[in-house]
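Welcome, and please open the model in your viewer. We will take a short walk together, one selection at a time.

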Amino acid sequence: MPNVFTYGSLMFAPVWSRVVVSSYDRCEAILPGYDRIGVRDEVYPVIIPSAFHSQVEGIVYLDVSTSDLGRLDQFEGEYYFRKTEQVITFDIAKLPAEVYVLKEEYYAILSHREWDPVHFSTTGIHFFMHSYMNTDEH
């Protein structure tokens, strides 16, 4: 079963647990070769390949079931394609992981600002849960 690297709203348990059914082990990891950028007029980010050898910090969920991977595909929608990349955990292990990358034809939604996970965790998650998850829970 595949690992899934998350870098935005899905790093946060209230969002992740509303999308998937099962529980998974998780760990912090880095995805090299990508930039994480905010979406214009939204609270969530996207990733795009980096020209500057950047890296993105996130969470890897381990051994995600096929049915939950399908739920994640549906949640991410048409703006993304899923591909396998190598991520590096903080204990320096390399793991293959599925990542959701913004399709080039949708680059117009980029805000050209970095996305701040701390701001999302304190402010943006409330808006996100209400707007995208049909709940006020957090």
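This is a predicted model: local features need pLDDT of at least 70, side-chain atom pairs count only at pLDDT 80 or more; totals for chains, interfaces and linings use all residues.

Residues are numbered from 1 along each chain as its sequence is written, and side-chain values use heavy atoms, with hydrogens and water left out.

**First stop**

Select Tyr44, Pro45, Glu76, Tyr80 and Phe128: of the 23 residues lining the largest pocket, these are the closest to its centre. A pocket here is an open set of points on a 1 Å grid over the protein atoms alone, where a 1.4 Å probe fits, with protein on both sides within 12 Å along at least five of seven lines; lining residues have an atom within 4 Å of a point. The space in this largest pocket is about 420 Å³, a volume being the space filled by probe spheres set on the points, which are joined across faces, edges and corners.

Next, colour strand 1 (4-6), helix 2 (66-76) and helix 3 (117-132), each of which supplies at least two lining residues. Helices (H or I, at least four residues) and strands (E, at least two) are DSSP runs, numbered from the N terminus. Strand 1 gives the largest share, 3 residues.

**Second stop**

Now select Tyr34, Asp35, Arg36, Ile37, Ser54, Gln55, Val56, Glu57, Arg113, Glu114 and Trp115, which line the second largest pocket. Strand 3 (34-39), strand 5 (55-61) and strand 8 (110-114) each give two or more residues to this lining. Which strand gives the largest share? Strand 3 does, with 4 residues. About 170 Å³ of space lies in this second largest pocket.
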